[in-house]
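Here is a short briefing on how the parts of one protein chain meet. Please keep the sequence and the model in view while reading.

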Amino acid sequence: MGIKTLSQLDPQNARVILRCDLNVPIKDGVITDDGRIRASLATINKLLAGNCSIVILAHLGRPKGERKIELSLAPIAKRLGELLKIEVKFSSAITGVASQARALKSGEVMLLENIRFESAETSKDESERSVLAAELATYGDIYIGDGFGAVHRKHASVYELAKLLPNAAGDLICAEVDVLERLTKNPDRPYAVVLGGAKVSDKIAVISNLLEKVNVIAVGGGMVFTFLAAQGKQIGKSLVEPELIPTVRELLLRAEKLGIKFLLPIDIVVAPEFSADAKPTLVLADAIPADQMGLDIGPASASNFAVAIAQCKTVFWNGPMGVFEFENFSHGTKTIAKALTQVDGMAVVGGGDSAAAVRKLGFADNEFSYISTGGGASLEYLEGKDLPGLVALSK
Ligand code: AMP
């Protein structure tokens, strides 16, 4: 599927509506990793160089149609202005702002408040999404989609809106799709996918779909305990999704039949509670005490994963191996990040969380072949799914 590119459309002096992914981690009102804002600059600067005015639509978190002050985009407008070195206007109103949007002069940028404060943005009801999209479409004459992290969502500002106006994909989406095409069209083998993060439910379909495509799968993070439980191990107070145990069991059987190398941790760093100061203890994966929870993969597991990664020519990694935010439980994630930097081939870090994790742990962006801004989006692309936000921008 070919997508229309910004370079092909080359808008000049146009009123542009730009969908970005500015969904950055914020703690106590402070942006802790501005990677996604920086990744959006290329397209914005290109539009400004073409004397366009720009209305930016973006989301933060999952407010579910409610105005939640901690999910306001106001701090993001400020940071975006600092990076662009221009004033970025901020509109706390999302609907009813056509006159302000159309009054923007060339070179002016206005960011609208979190689009997900509108329940219609994420509504399952297409007609509700279409009503919001029709309103947003009055804010400009051209739509540029560049919010890669949201292209797997059939949301009003990602899908329906794109279809109402002349459109194209921004430079970030084009760069992301380039990398993902290289990962899917005949990747150099062996090919490993390393998955972590908190929830199995987010990734079970991905793992299932990737089984036929990869040579190695390694699983860590909070989701690993549902796998260990599926193997009949005691997991103490660790994160678990019991209803998924039968599905995980089937998945492991399928992996075995397919001859996939499916790596699970053999040792675990546990603690009595979920806290930065909790005392870490190393135990074997089949000896997690009842009163402890697993917060990181252990060093032997991390080393096993790293050895497998080093033998691969293509590696895609999504999701931290442990609670990397706490120093004591960050070592597994650090070892895996280091292993990716040493791959003799293509090593891609996928996802906002994983990208923030590697930067927080002191790695530079250029130590990896590519750092994707979209976790869910890149995983769904690798699965071979059609992503609504890309379908809407295709030729
Ligand atoms: P996700 O959004 O699913 O990629 O999950 C990322 C989050 O998973 C990070 O904030 C980690 O702190 C968290 N995480 C990783 N390992 C664990 C674990 N063993 N227990 C609880 N949370 C975890």
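Predicted model: local features only at pLDDT ≥ 70, side-chain atom pairs only at ≥ 80, totals over all residues.

Residues are numbered from 1 along each chain as its sequence is written, and side-chain values use heavy atoms, with hydrogens and water left out.

**Domains and interface**

- The protein splits into domain 1 (6–174) and domain 2 (186–383); domain bounds come from an automatic or database domain assignment.
- Between the C-alpha centres of domain 1 and domain 2 the distance is 32 Å. Domain 1 gives 11 residues to the contact, and domain 2 gives 11 residues. Contact means heavy atoms within 4.5 Å.
- The size of an interface is often given as the accessible area lost when the parts come together.
- Here, domain 1 and domain 2 bury about 830 Å² between them, with 60% of it on carbon and sulfur atoms. Buried area is the accessible area (1.4 Å probe) that two parts lose on being put together, summed over both.

- One salt bridge is found across the interface of domain 1 and domain 2. The term stands for a side-chain nitrogen of Lys or Arg within 4 Å of a carboxyl oxygen of Asp or Glu.
- Aspartate 33 and arginine 359 form a salt bridge, with their closest N and O atoms 2.8 Å apart.
- Two residue pairs are in polar contact between domain 1 and domain 2, both at pLDDT 80 or more. A polar contact is a pair of N or O atoms within 3.5 Å; within protein, one must be able to donate a hydrogen and the other to accept it, and residues adjacent in sequence count only if both atoms are side-chain atoms.
- Helix H2 (residues 35–39) supplies three residues, the largest share of the side of domain 1 that touches domain 2. Helices (H or I, at least four residues) and strands (E, at least two) are DSSP runs, numbered from the N terminus.
- That side of domain 1 has five nonpolar, three polar and three charged residues. Ala, Val, Leu, Ile, Met, Phe, Trp, Tyr, Cys and Pro count as nonpolar, Asp, Glu, Lys and Arg as charged, and the others, Gly among them, as polar.

**Arginine 36**

- Arginine 36 sits in helix H2. Arginine 36 counts as buried because its relative accessibility is 13%. Buried means under 20% relative accessible area, exposed over 50%, and partly exposed in between (1.4 Å probe, protein chains only).
- Its side chain makes a polar contact of 3.0 Å with the side chain of aspartate 21. The side chain of arginine 36 also reaches the backbone oxygen of threonine 373 at 2.5 Å.
- Beyond four places in sequence, arginine 36 touches residues including Val24, Gly352 and Gly374.

**Serine 372**

- Serine 372 belongs to strand S17 (residues 370–372). Serine 372 is buried, at 3% relative accessible area.
- A polar atom of the serine 372 side chain lies 3.1 Å from the backbone nitrogen of glycine 374.

**Lysine 360**

- Lysine 360 is part of helix H14 (residues 352–360). With a relative accessible area of 51%, lysine 360 is exposed.
- Lysine 360 and threonine 32 are 328 residues apart in sequence, yet 8.8 Å apart in space, C-alpha to C-alpha.
- Leaving aside neighbours within four places in sequence, lysine 360 contacts Phe324 and Glu325.
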